[in-house]
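User: Hi! I am new to protein structures and would like to learn how to read one. Could you take me through it step by step?

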Amino acid sequence: MFKHILVPTDGSQLSQDTVSRAVIFAKEAGARITAFFAKPEYPVTYFGEGALIDPTTPEKFADMADQQAKEVLAFVQEACAAAGVECQTVSATSDIPYEAIIEAAEKAGCDLIFMASHGRKGISGLLLGSETNKVLTHSKIPVLVYR
């Protein structure tokens, strides 16, 4: 029934468990996976009359986010390769993860979004419990929530 599954991940243990189950599901269904990671926007912090105080430059922050995306998505690629499931990876910069997840699924032509019920907030804060709920309520693509 499902042939192309979007699997959003943030690299947390819960997310990795969900990836493992999504790979099994995809193998059983004969589907392929597109793994997705939402990179955070550069945090802008203002103090007083608009002075920006942050020791990290936007470029360095973007490099750190890119590196994290590579590491997190590599886990999915390895799990898919071990199971013989076709996999591609996608990342996008967004501080509104649920919108980025839905957009990634639509752009990739996915027919299912397979995600965790909630996750941990890391540098990306990709999967928060409320993000899953927002994907469920806003997506026109079916969503399978793994607990």
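Analyst: Happy to; we will go through the sheet, the helices and the core in turn. This is a predicted model, in which local features need pLDDT of at least 70 and side-chain atom pairs count only at pLDDT 80 or more, while totals for chains, interfaces and linings use all residues. Residues are numbered from 1 along each chain as its sequence is written, and side-chain values use heavy atoms, with hydrogens and water left out.

User: Thanks! What is the strand order of the open sheet, and which pairing does it have?

Analyst: In general, strands of a sheet pair through backbone hydrogen bonds, either parallel or antiparallel. Here five strands form an open sheet in the order 5-2-1-6-7, with parallel pairing. Strands are DSSP runs of E with at least two residues, helices are runs of H or I with at least four, and both are numbered from the N terminus. Two strands pair if DSSP finds at least two bridges between them. At the edges lie strand 5 (87-93) and strand 7 (143-146), each pairing on one side only.

User: How many bridges join strand 6 to strand 7?

Analyst: Four bridges join them, and the two strands run parallel. As an example, Met-115 has Val-145 in strand 7 as its bridge partner.

User: At what angle do helix 1 and helix 2 pack?

Analyst: Two packed helices are described by the angle between their axes and the distance between the axes. Axes are lines fitted to C-alpha atoms, for helices over the stretch in contact, and angles run from 0 to 180 degrees between N-to-C directions. Helix 1 (residues 13-29) packs against helix 2 at about 35 degrees, with the axes 10 Å apart. Contact means heavy atoms within 4.5 Å. Residues of helix 1 that meet helix 2 include Val-19 and Val-23, and those on the helix 2 side include Phe-75 and Val-76.

User: Is Ala-82 buried or exposed?

Analyst: Buried means under 20% relative accessible area, exposed over 50%, and partly exposed in between (1.4 Å probe, protein chains only). Ala-82 is found in helix 2, and it counts as exposed because its relative accessibility is 72%.

User: Which residues have the most contacts inside the largest nonpolar core?

Analyst: A nonpolar core is a set of buried Ala, Val, Leu, Ile, Met, Phe, Trp, Tyr and Cys residues joined through side-chain atoms within 4.5 Å. The largest one has 22 residues, and Ile-5, Val-7, Val-23, Ile-33 and Val-85 have the most contacts inside it. Helix 2 gives the most to this core, with seven residues. A second, separate core of 14 residues includes Ile-101 and Cys-110.
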